[in-house]
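Please consult the sequence and the model alongside the text.

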Amino acid sequence: MENKKKSGFSGSIGFVLSAAGSAVGVGNIWRFPYLAAQDGGGLFILVYLILVLTFGFTLLTTDIAIGRRTQKNPMKAFASLHPKWDFLGKLTFLVPAIIMTYYSVIGGWILKYIAVFLTGQGVAAAQNGYFDSFISAPVAPVVFMLAFLAVTAFIVYSGVEKGVERFSKLVMPGLLVMILGISIFSLTLRHTDADGTVRTGLQGMAVYLIPDFSGLTLGRFLKILLDAMSQLFFSLSVAMGIMITYGTYVDKNVNLSHAISQIEIFDTGVALLAGAMIIPAIYVFSGTEGMTSGPGLMFVSLPKVFQAMGSLCTVLGVVFFVMVALAALTSSVSIMETLVASCMEMFHTTRKKMSLLIGLLSAGASTLICMGYNVLYFKVTLPNGTVGQLLDVMDYVSNSFLMPLISLLTCILVGWVIKPRWIAEEMESSGHIFRRKRMYGFMIRYAAPVILVILFLQSTGIL
Ligand code: PFF
């Protein structure tokens, strides 16, 4: 931590790329498309975009400005804003701790698909049921999860995150180009069902992008809102302290408003493109029923797209999943780094010891999550109406319950205790204008708390 603080980011671009490296991960490529598809496409996208411009901007601004102004990590930053709010720093620690339990499970799924394409089994993976039979197997998902976790822990253990980050910055543009290329290809897809029904990629794109308000009830709207909000927290890595830590590294003369907009545009752009790559394709091959596949969506949809590409299937499959694995790795490293750095401070111990301990604890917890699809299988209906297994429960607790709660408390602290001016001063300290100052003040004091209370009550099943 100390070294990093000293080195900081040389300029705005370094900061934006590093924060985007943490933000862009499986949240964009795996979580966003399956939620958007599950919630019917266009309407989810519309709600999400409005949230990014209002909530996303407010929360990201708050976290980064707190970090840069206090120069403290989340465990101490809140206490320095107000001694009574020390507990909020501790609460933020829980989020990466919970996310860590399932992030590497998904990392493992990605590694499995690299192996699938490397060994030329891409066509088999395109068959219905392939993904389900993989995750419900007792051993394979655990082995792949452990491999992903071991790489993550090794990077944190040896303190070489910066090197990995630099490497991933080189890979990111490649990933973007591939996602764009696959999305365009998806538009050309066409499938005829046994009963003669024809579905095309263009129709799928319309489902993905055009909001359908028919049959919209208040309950359904609130569910979409909660899903979109949980996705926003997760994807932007806000309400979990991590962006406070990134804020401590930014140079004082960087224009934060500008940098924040860039992070938002980058993160949302990748998510939207990932949706365009996955959703029209699943619509073509499996119709609207396929769109409700949940967490498996990307792994069910993409092999079918690669198969449709014919002879390029194997090569594209390998390259694509390797790039996704790297994007996932930078994020999982930043999650584990947060945990290790906080624990090092709490227990006054070394990076190596803490990385080993957290690596082992995560391995135990993630093994349980993997078992949620076989030995520990159960079906639970979550308060927002979705039915899920252990992984979905953990995801729900961190993203739909804890994060709205943390954000609500942060809004009260910043909006009413230390006052928005405190943040605005930091935003303007570099000599740049904070253009959205009035909107920020309104959001943090009024709009965000009201909506977050409603969402919190909904997520707990009270509403
Ligand atoms: N924002 C990351 C993603 O979209 O995949 C996930 C994430 C990264 C969560 C870092 C938490 C974190 F500390």
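The shell around the ligand comprises 17 residues, of which the closest are Gly25, Gly27, Ile242, Ser331 and Ile335; a residue is near a molecule if its C-beta atom, placed from the backbone, lies within 6 Å of it. This is a predicted model, in which local features need pLDDT of at least 70 and side-chain atom pairs count only at pLDDT 80 or more, whereas totals for chains, interfaces and linings use all residues. Residues are numbered from 1 along each chain as its sequence is written.

At least two shell residues each come from helix H2 (12–23), helix H3 (26–38), helix H6 (86–118), helix H12 (218–236) and helix H16 (313–347). Helices (H or I, at least four residues) and strands (E, at least two) are DSSP runs, numbered from the N terminus. The most is given by H16, with 4 residues. By class, the shell holds 8 nonpolar, 9 polar and no charged residues; Ala, Val, Leu, Ile, Met, Phe, Trp, Tyr, Cys and Pro count as nonpolar, Asp, Glu, Lys and Arg as charged, and the others, Gly among them, as polar.

Two of these helices, H3 and H12, pack at an angle of about 180°, with their axes 11 Å apart. Axes are lines fitted to C-alpha atoms, for helices over the stretch in contact, and angles run from 0 to 180 degrees between N-to-C directions. H3 is therefore roughly antiparallel to H12, the term for angles over 145 degrees. Gly27, Asn28, Arg31, Phe32 and Leu35 of H3 make the contact with Asp227, Gln231, Phe234 and Ser235 of H12, two residues being in contact if their C-beta atoms, placed from the backbone, lie within 7 Å. These contact residues divide into 3 nonpolar, 4 polar and 2 charged.

H12 also packs against helix H18 (residues 390–418), at an angle of about 75° and with the axes 9 Å apart. This makes H12 roughly perpendicular to H18, a class that spans 65 to 115 degrees. On H12 the contact involves Leu226, Met229, Ser230, Phe233 and Phe234, and on H18 Asn399, Ser400, Met403 and Pro404. The contact of H12 with H18 has 6 nonpolar, 3 polar and no charged residues.

Finally, the protein chain as a whole has 20 helices and 4 strands. Its C-alpha atoms fill a box of roughly 65 × 50 × 40 Å, taken along the principal axes.

Notes:
Parallel < 35°, antiparallel > 145°, perpendicular 65-115°, else oblique.
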